Amino acid sequence: MAAPQTHHRTCCLCEALCGLRIEHDGERVLSIRGDDDDPLSRGHICPKATALQELHEDPDRLRAPVRAGAEGWEELGFSDALDLAADRIAAVQREHGHDAVAMYLGNPVAHNYRALLGAQVLGDTLHTRNRFSASSVDQVPHMFAAWTMFGHPLLMPVPDLERCTRFVVLGGNPAVSNGSIMTAPDMKRRIKEIRARGTVIVIDPRRTETAELADAWHAIRPGSDALFLLALLHVLFDEGLVHDAAWRSWSRNLDALARAAASYPPSRVAEAVGIPAETIQALARDHAAADGAVLYGRLGVATQRFGGLASWLVYAVNVVTGSLDRPGGLMFPQPAVDLMKLTKLAGPSGSWGRWHTTKSRLPEFNGELPASAMAEQMREPGKAKIRALIVVGGNPVLSTPDGRGLADALDELDFVLCVDPWISATGSHADLVIPPTSHLESDHFGIAFHSFAVRNTVKYAPALFAPPDGALDDWQILSGLASRLARRSGHRKARADRLRTAGARVVGARGLLDLALRGGRHGLRKPFGRRLSLKKLEARPSGYDLGPLQPCLPGRLASVDGRVDLAPQPLLGDLPRLEKALAEGEFSADRLVLIGRRQLRGCNSWLHNAPGMMAGRQRRCTVLMNPADAASRSLRDGQQVTIASRVGSVAVPLELDDGMMPGVVSLPHGWGHSETNAVLGVARKHRGVSINDLTDPEHIDRLTGNAGLSGVPVEVS
Ligand SMILES: Nc1nc2c(c(=O)[nH]1)N[C@H]1C(S)=C(S)[C@@H](COP(=O)(O)OP(=O)(O)OC[C@H]3O[C@@H](n4cnc5c(=O)[nH]c(N)nc54)[C@H](O)[C@@H]3O)O[C@H]1N2
Ligand SMILES: Nc1nc2c(c(=O)[nH]1)N[C@H]1C(S)=C(S)[C@@H](COP(=O)(O)OP(=O)(O)OC[C@H]3O[C@@H](n4cnc5c(=O)[nH]c(N)nc54)[C@H](O)[C@@H]3O)O[C@H]1N2
Ligand code: SF4
Ligand SMILES: [Mo]
C-alpha cells in the first residue's frame, strides 16, 4: 500500500460547499474529514460527507452504459452508446420536429460544473421548447421574483448570517437541509451565534429541527404565506414603520405595494394563516425595530400554489425594512465566477410566457416549461408532443408531481436516455443509461453555489482518482452527444451547431471555467495577485477568502431602469387568484393537507443506496400527524395508514408528532424505490413510498409554473 496522502475537495452533496480533507492511498479512500482551512466551512462537515466514499465504491454504480434488452440490461461501450442515442434522437426530431425531444435536468447538475456546462451545450443543440428541470419543483418562484424585481432570475439575495441580529426563517429547515439559496455550512453553529447576538424565529407548519434551535416557532397554514406577508406589510405601512432610507432612491412602486397590502389587515387573514393577528403585529413591529433583521423564505414558500406571490413579498419586506443590500440584511454575493454575468453573455436575461404547455396552458419561464406538465406534454397530441426524453442527473419519477403517471407516460415514448451513475426509478423506464465517472473521478468547482454563499470565497479541486480507461464524465457525454446530433441535424442552424459544439469540445469544460475565472469580477483584485486563474486556485487547495458580503446596489441590479420594482405587474395581477382561494376556503383548517420534509441522511432521491446513510433501525418513511388529528380518525401510533389524494394513494406507518400543526400531515420525499428495473440493492430493502404519488400536477402556481408540492389536500384512513 502506498503512503497515505491528503486530497482537498468540496463536498458536492448539498449547497453548503463544505471543504473536505480526504486521506487516500492513491486507489482507495481511507478517511473523509472537514477542512479547517476552508474559509467558508471552517472544518464543518455533516454525516453525508462520508457517503462520497460509499458512492464511489457502490457496486450498483454503473461503470459502463447499459441498454434495455430482451434479457434485461445489456452493457455497451461509451462510443456505441453515444452513437445509439444520437441516431435515435435525430430520427425522432427528423420525423416529428425538434420539440418532440424533451430534456429534463435534475438537481445534481447544479452541483457539477461539467454537467452544467455540458447540459448547456446539449440544450442549445436540441432546439426544443420542451425543456424542463428540477427548478420548477423548487426555486422558480424566487427566480421569478428576482427577475421581475431586480432584473435577473439569478439575482437572488441571501441572508447575511455573519452579521444579522434577527433571523426569521419562513419555510426552510436549514438545520437539516444545511441551507438552500443560502450557502452556509454549519447552520447549527450559525444559529447559536445569531441567538447570542439576537433572535431566531421559525415560521413553519411543522416544529422542525431548526425550530427546536430557535427562540420561537409559529405554525403557519401551508400555502398561506402570501397572506401572512401581506398582513406583515400592512402593519409596517399602517403603523408608519417604513422609514426613509437609501433604498427609496433605487426602488419604485412603493405606493402600489402599500395599496396591495392595504386590503390585508392581520385580523382579516389570521384565521386562514393560523397565526393570531396580535402575533403578526408583534412580528412586524419587532422586525422593523431590530437593527440587522433579515427575513429568509425558502422551499416551503416556493413550492406552493402562491409561491410567486410569497417570494415577491419576502423580498419586499426586506426592502421596506431597509434590510436589502445592508450588512446584516439580505445581500447579493459577488462571486469569482458570476453566473448572472455569464448567462447575460449567452442571451437576454429572463423570459416568461413565450410559449405554453399544450393543454394546461402553463407558461414557459426562463426557457423552461413546468416539470409538473411533463407527462401532459407526452400525452397531448399536437406539434409539441414529446416522443423522446433525455434526463440528465434527475429522477423525475420520484421528484415531480404524479410521478406514477409520469412513469406510465415514459413507457409510451419512442426513446428515453438517462445520464446517471445509477439505474434510478426513472432509469428503470429508460432505453439507455449512460453513467458519468464517479464524483471523486472528476474535478469540482462550485459554479452555482458561490453565487448564493453568505461569504465570498472561491475554491477549485482537481479529480482525486483517475477515471478508468475509456470512461467519460458528464461534460464529455453531453458535449459528445451534442456534437453527434449537430452532425446528424437537419435544423437550419445545423452549421452553427457544428461549429459551436466543436469549439466547446476544443476548449473543454476546464478551459471554459478558466476563461470565466479570468474574466470574473475578482479577476483584477488581490489576494491572488493580478488575475485569478485555475492554476492559481490549484496552488491554494483550501481556497481563497474574498471577504464578507458587500453592499452593491444599485450597481448590481439588472433591471432596465436600474431600480428595484417593489410591485411588479405580473405579481399584482396574481393577487385576485389569492383572493379567490381565500374566499373559497382553500386555507380552511378543516381540510387535511400534505407537506414534505427532508432528512439529514438523504439527498433528494439518491442517497438511499449508501449503506452508511441507511444504518440505524428507525423507520424513516413515515407520515407525521398531530395526535388530535389521529384521535379524531381513531388512528394509532405505528399503525399502517392509507393516504389518498386526487391523484393516488400510498400506505405508510403513522407517526404521531405534536410538532405537526393540526390539519397538516408530513411525508419525506425521495422514497419509493420499488421500480422493477432499477438497480439499487440497498435502497430497495428500505423502499418506502413516494410522496409524489400523491402530489398533484394541477396543484400548481399558475403564475410561475412551479409545483404546489405543499398543501395538497389528502385523506388519511
Ligand atoms: N414532494 C416533494 N417533491 C420534491 C421536493 C420536495 O421537497 N417535496 N423537493 C424538490 C427539489 S428541491 C428538488 S431539487 C428535486 C430533485 O429532483 P431531481 O433532481 O429530479 O431528483 P434527484 O433525487 O436529485 O435525482 C438526481 C439523480 O441524479 C443522479 N446523479 C447524482 N450525481 C450525479 C452526477 O454528478 N451526474 C449525473 N449525471 N447524475 C448524477 C442520481 O443518481 C439521481 O438519480 O426534487 C423535488 N421534489
Ligand atoms: N439532508 C438533506 N439536505 C438537503 C436535501 C436533502 O434531500 N436532504 N435537499 C437539498 C435541496 S435540493 C434543497 S432545494 C434544499 C431545501 O432546503 P430547505 O429550503 O431548508 O427545505 P426543507 O428542508 O424541505 O424545508 C422546507 C420547510 O418548509 C416547510 N413548509 C412546507 N410547506 C410550507 C408552507 O406552505 N409555508 C411555510 N412557511 N413553510 C412550509 C416544511 O415543513 C419544511 O420545514 O435542501 C438541500 N439539502
Ligand atoms: S453539509 Fe452538505 S456540503 Fe457539507 S458535508 Fe454535509 S452534504 Fe456535504
Ligand atoms: Mo432542490
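Trainee: How far is an oxygen atom of ligand 2 from a polar backbone atom of glycine 223?
Mentor: This is a predicted model: local features need pLDDT of at least 70, side-chain atom pairs count only at pLDDT 80 or more, totals for chains, interfaces and linings use all residues, and side-chain values use heavy atoms, without hydrogens and water. Residues are numbered from 1 along each chain as its sequence is written, chains are lettered from A and ligands numbered from 1 in the order in which they are written. The pair is a polar contact (N or O atoms within 3.5 Å; within protein, one able to donate a hydrogen and the other to accept it, and sequence neighbours only if both atoms are side-chain atoms). The distance from glycine 223 to the ligand 2 oxygen is 2.8 Å.

Trainee: What share of ligand 2's own exposed area does the protein bury?
Mentor: Aspartate 204 brings a polar side-chain atom to 2.6 Å from an oxygen atom of the ligand. Alone, ligand 2 exposes 920 Å² (accessible area, Shrake-Rupley, 1.4 Å probe). The buried share is 97%.

Trainee: Which residues come nearest to ligand 2?
Mentor: The shell is counted by heavy atoms within 4 Å. There are 31 residues around ligand 2. The nearest are Ser177, Asp204, Asp225, Asn604 and Ser710.

Trainee: How much of ligand 1's accessible area does the protein cover?
Mentor: A side-chain N or O atom of aspartate 420 is 2.6 Å from an oxygen atom of ligand 1. Valine 419 puts a backbone N or O atom 3.0 Å from a nitrogen atom of the ligand. Histidine 669 has a side-chain N or O atom 3.4 Å from a nitrogen atom of ligand 1. Of the 920 Å² that ligand 1 has on its own, the protein covers 97%.

Trainee: Which domains each give at least three residues to the shell around ligand 1?
Mentor: Of the 30 residues in this shell, Tyr104, Asn107, Ser399, Asp420 and Ser605 come nearest. The bounds come from an automatic or database assignment. The two contributors are domain 2 (66-138 + 337-548) and domain 4 (587-716).

Trainee: How many nonpolar residues surround ligand 3?
Mentor: The shell includes Cys11, Cys14, Cys18, Cys46 and Asn178. Nonpolar covers Ala, Val, Leu, Ile, Met, Phe, Trp, Tyr, Cys and Pro; charged covers Asp, Glu, Lys and Arg; the others, Gly among them, are polar. One residue is polar and one charged. The nonpolar count is nine.

Trainee: How many salt bridges cross the interface of domain 1 and domain 3?
Mentor: Their C-alpha centres lie 33 Å apart. Ten residues of domain 1 and twelve of domain 3 make the contact (heavy atoms within 4.5 Å). Five residue pairs are in polar contact, both at pLDDT 80 or more. Salt bridges (Lys or Arg side-chain nitrogen within 4 Å of an Asp or Glu carboxyl oxygen) number zero.

Trainee: How much area do domain 1 and domain 3 bury between them?
Mentor: Buried area is accessible area lost on joining, 1.4 Å probe, summed over both parts. Carbon and sulfur atoms hold 47% of it. The total is about 830 Å².

Conventions: Buried area is the accessible area (1.4 Å probe) that two parts lose on being put together, summed over both.
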